[in-house]
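Subject: Structure handover

Hello,

Here is the structure we discussed.

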Amino acid sequence: MEEKIVVGISDEAIRIFKKKLEVILETRDMSLSALAKECGIPSSTLHDIIAAGSKVGNKSINYLEAICEYLNTDLESMIRTYPANEKAVLHYSELENSSFNKLPEKIQNLKKACREISLERMKYHFDSEEVEDKEVLFQEDTKNPGKLFSFILGDLNYAKLNLKTIFDRKEVSSLINSDKNIDDFMKECSNVAMGGIKKIFETDGPLINTSLPLIMREKDSVFLEVESSDETRIVKDRWSIEVNGIKIICELFFEVYNPQRFFSAIGRDIKIDEVVDQVFIF
């Protein structure tokens, strides 16, 4: 069975999209720039995309789909009018076995799987069942001169993923019952969490190369952020792992260069049991 993906959108469809988006943003008391930040889209690029009559390419369509994901809708719904406007159309390309249907659900399943895997692996790392994960909003200010993070990078070829585990040395010291260095301990945390996450993509694909973890100051994380001029598609998540009241914040970013391959990879069923109990060697 063939599924359709959007490869083009008419000027009239963009106009309707813009009009509906303005209503939604006004209802939510939200600016276009704030929406761009939430969706991981360069603000200037988003302003250009929704300008009536502007040309929309494949990357721009990916950005519009990201907005729809954030708003829990889709492009078809955003351009639909009653009565139907024949000039407001989406242009499709037929791809066999495409995984572009239900993108919001697939992305949420990926985030859920990454959280569950990191939680189970952290239980193993801390040798305790008293470990839980909790929601952390990106809006929450975690930047603090006393906080540091362990950073590790992985290369999928069609996307890069990076994981940060943000911590406070003084707080984490209470979790270590040996003479082990705190920074080395947190590097192991990153390795353990990343080891499980990358197995999601290695199940039906090649081995993924990952870097050695680095310890950096949280205030220096700005140097790792994607430039606002970069049109790379971003999928991101943030959560915390809590052990005995100590919070370790996890930030996961996917910089997607080939959306078709990425969404195909996350489109298959993710079986957590296949990866959480494996022993990872680094």
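Predicted model: local features only at pLDDT ≥ 70, side-chain atom pairs only at ≥ 80, totals over all residues.

Residues are numbered from 1 along each chain as its sequence is written, and side-chain values use heavy atoms, with hydrogens and water left out.

Confidence. The average pLDDT (the predictor's confidence in each residue, from 0 to 100) is 78 for the protein, and 76% of the residues score at least 70. The pLDDT is below 50 over residues 95-101, a stretch with 22 contacts beyond near neighbours in sequence; contact means heavy atoms within 4.5 Å. Residues 278-282 also have a pLDDT below 50, with 12 such contacts in the model.

Helix α1. Helices (H or I, at least four residues) and strands (E, at least two) are DSSP runs, numbered from the N terminus. Helix α1 takes in residues 11-28. Its residues Ala13, Ile14, Ile16, Phe17, Leu21 and Leu25 are buried, where buried means under 20% relative accessible area and exposed over 50%, with partly exposed in between (1.4 Å probe, protein chains only). Just after α1, Asp29 has a positive phi of about 55 degrees.

Strands. Two strands pair if DSSP finds at least two bridges between them. β4 and β5 are antiparallel, with 9 bridges, and Ile152 has Leu163 in β5 as its bridge partner. Their hairpin has 3 residues between the strands, and Asn157 there takes a positive phi near 75 degrees. β4 also pairs antiparallel with β7 (residues 214-217) over 4 bridges, where Phe151 stands opposite Leu214.

Cores. A nonpolar core is a set of buried Ala, Val, Leu, Ile, Met, Phe, Trp, Tyr and Cys residues joined through side-chain atoms within 4.5 Å. The largest has 44 residues, and those touching the most other members include Leu110, Phe201 and Phe262. Elements giving two or more residues to this core include β4, β5 and α8, and α8 gives the largest share, 9 residues. Phe262 touches Leu110, Phe201 and Phe254, among others, not counting residues up to four places away in sequence. A second, separate core of 29 residues includes Ala13 and Cys68.

Regards

Note on methods: Expected span 1.5 Å × (residues − 1).
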